[in-house]
Amino acid sequence: MRLLIRGGLVIDTETSTVLPHTDVLVDDGVITAVGTELRAEDAEVVDATDRIVLPGFVDTHRHVWQTALRGIATDVDLGGYLDLVLGRHGSRHEPEHVAIATLAGALECLDSGITTVQDFAHIQHTPAHTDAAVAGLRAAGIRAVFGYGAPLFAPAMADDAWAAELGRVRAEHVGGLVTMALAAAGPSYSSPATVRRDWRLAAELDVPIATHIGASPTAARPIDLLRSLNLLRANTLYVHGNSLADDELAMIADSGAAMSIAPAVEALMGHGAPTVNRLRSASVRTGLGVDVVTSTAGDMFSLMRATLLTSQLGPGPASTAADVLRMATVDGAAALGLADRTGSLRPGRQADIVLLDATAPNLVGMHDPVATVVISAHPGNVDTVLVAGEVVKRAGRLLRSDLAEITEEITRTAGFFAASR
C-alpha cells in the first residue's frame with residue numbers, strides 16, 4: 001500500500017528544521033521520500049494542508065497496567081504511591097484487569113500521538129498476567145517495548161523459574177510491533193547478586209535492560225556499583241536518576257546507555273531537582289516518560305511542557321523547545337534502541353507519523369512551529385496517526401468499532417478498585 005501525505009508543514013525533529021508545503025511518501029509501511037511535489041499516481045493521498053506533520057512521539061517509560069487507577073495518587077509522595085498503587089492495588093490486579101488497562105492505556109497513547117511506548121510492566125504475578133499485558137499492547141496496534149518485570153512487593157521468583165519465564169516471553173511474544181526489555185529492579189532496589197543474575201539473563205536473551213535508578217539505602221551510588229561489578233553496558237535505559245552524582249552521569253554517557261526522565265512525576269513525588277540540563281551537559285541520550293497516569297497526565301504535550309518548564313529550575317543551561325521535541329521523538333527512539341525504526345521522518349524509517357490540525361484555535365497565529373507544538377498543542381489537536389503506515393486515527397477519531405465496549409470495561413475495572421479503597 002502506498003500513501004502520500006501531501007502539502008503539510010513537516011517538522012524534521014532530527015535537525016529542528018521546518019519544511020512548509022512538503023510531502024511524505026509511504027510505501028508498505030516505510031517512509032520512502034520527503035520532499036515537495038512528490039509524484040505517486042497510485043498512492044492514496046492524505047491532504048495535509050493546514051496540518052503539522054511530525055514523527056510519532058516516543059514514551060520511553062510508562063506503567064501502562066495502571067490505567068484503571070487514573071488520578072488515584074496525585075496528592076501523595078513516592079512512598080504513598082508505592083504503598084497505595086503497587087502495594088494495595090497492584091496485588092489485586094488479575095489478568096483480565098491487566099489486559100483491559102493495557103489496551104485502554106495504549107489507545108490513550110495513540111489518541112494523543114504517542115506511537116511508541118516502553119511498557120515497564122512490573123505486574124507479572126503469573127504467566128497469565130504477562131500474556132494479558134502483551135495481548136493488550138498488540139490489540140491496540142501500538143509499537144511497544146514490553147518491559148517484563150516482577151512486582152516490587154511480591155515474593156522473589158526462584159532464579160530458574162525467573163530465567164524460564166523470561167525465555168518463554170522472549171520466544172512467544174517478541175515480533176512485529178512488540179519487542180522486549182528486562183524491567184529489572186536494579187542496583188537501587190536489589191542485591192548485587194540479583195543484579196548480576198538479571199544482567200546475565202538479559203545478555204543471554206539479547207534484550208535491553210530498563211531499570212529505575214537513584215541513590216537509595218540499598219546503593220548510595222548505584223551507577224558506580226554497576227561499574228564495580230563490570231555491568232555498565234550500552235543496552236540499558238535508566239529511569240529518573242535525579243539523585244545521581246555528576247560523575248555517575250558521566251559513567252552512563254561513557255557506557256553508551258540512555259536515560260528516561262519523567263519530569264511531571266518527579267516534581268510531584270519529590271524525586272529531586274530536575275536532571276534534564278545535567279543530562280544534556282553530560283551528553284547522556286535522554287528520552288521522556290509519562291511514567292504513571294495515577295498521578296499525572298498521559299500525553300506527550302503535557303510532558304513536553306513539564307520538561308521545558310522544569311528545565312528552567314535545574315542547574316545547567318536551560319533546554320530549548322527544540323531540545324524537548326527531540327527528546328520526545330528521535331532521542332526517545334534512540335534511548336529505546338529503535339532509532340533505525342522510528343522517531344524521525346527520515347526515509348527508511350517506519351511510517352510512525354502524526355498530523356496536528358494547525359487551524360485549531362490554540363495553534364493559529366504561530367511564528368515558530370517547533371515552539372508552538374511544545375508549548376501550545378494538546379491531544380485534541382491530533383488529527384491523524386499512523387503506526388508502521390497503518391492509519392489508526394483519522395479526522396480526530398481512533399478507527400475502532402469497539403471503543404464504547406473498551407470504555408465500558410475500563411470504567412467497570414476502575415470501579416472495582418475504587419470500591420476497595
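Predicted model: local features only at pLDDT ≥ 70, side-chain atom pairs only at ≥ 80, totals over all residues.

I started with helix 2 and helix 3, which pass each other in a right-handed crossing (right-handed if the near helix is turned clockwise from the far one by less than a right angle, left-handed if anticlockwise). Helices here are DSSP runs of H or I with at least four residues, strands are E runs of at least two, and both are numbered from the N terminus. Residues are numbered from 1 along each chain as its sequence is written, and side-chain values use heavy atoms, with hydrogens and water left out.

**Helix 2 with helix 3**

I looked up the geometry next: the axes of helix 2 and helix 3 (residues 127-140) come within 8 Å and cross at roughly 25°. Axes are lines fitted to C-alpha atoms, for helices over the stretch in contact, with angles from 0 to 180 degrees between N-to-C directions. So helix 2 is roughly parallel to helix 3 (under 35 degrees is roughly parallel, over 145 roughly antiparallel, 65 to 115 roughly perpendicular, the rest oblique). On the helix 2 side the contact includes Val-98, Ala-99, Leu-103 and Leu-110, and on the helix 3 side Ala-132, Ala-133, Gly-136 and Ala-140 are among the partners; contact means heavy atoms within 4.5 Å. By class I get 13 nonpolar, 3 polar and no charged residues. In that sorting Ala, Val, Leu, Ile, Met, Phe, Trp, Tyr, Cys and Pro are nonpolar, Asp, Glu, Lys and Arg are charged, and the others, Gly among them, are polar.

**Helix 3 with helix 4**

What does the contact of helix 3 with helix 4 have by class? First the geometry: the axes of helix 3 and helix 4 (residues 159-173) come within 11 Å and cross at roughly 25°, so these two are roughly parallel to each other. Their crossing is right-handed. Pro-127, Thr-130, Asp-131, Val-134 and Arg-138 in helix 3 meet Glu-165, Arg-168, Val-169 and His-173 in helix 4. That gives 3 nonpolar, 2 polar and 4 charged residues.

**Helix 2 with helix 14**

Helix 2 (residues 95-111) also has helix 14 (residues 403-418) as a partner, with axes that come within 10 Å and cross at roughly 125°. That makes helix 2 oblique to helix 14, and I noted a left-handed crossing for the pair. The classes are 10 nonpolar, 2 polar and 1 charged.

**Pocket and cavity**

I checked the second largest pocket, about 230 Å³ in volume. A pocket is an open set of points on a 1 Å grid over the protein atoms alone, with protein on both sides within 12 Å along at least five of seven lines; a cavity is a set where a 1.4 Å probe fits but cannot get out, and lining residues have an atom within 4 Å of a point. Helix 2 and helix 14 each supply at least two residues of this pocket's lining, and helix 14 gives the largest share, 5 residues. Of the 14 lining residues, Ala-104, Leu-107, Glu-108, Asp-111 and Leu-398 lie nearest the centre.

Last entry: I found 3 cavities of 30 Å³ or more in the whole structure.

Notes. Points joined across faces, edges and corners; volume = space filled by probe spheres on them.
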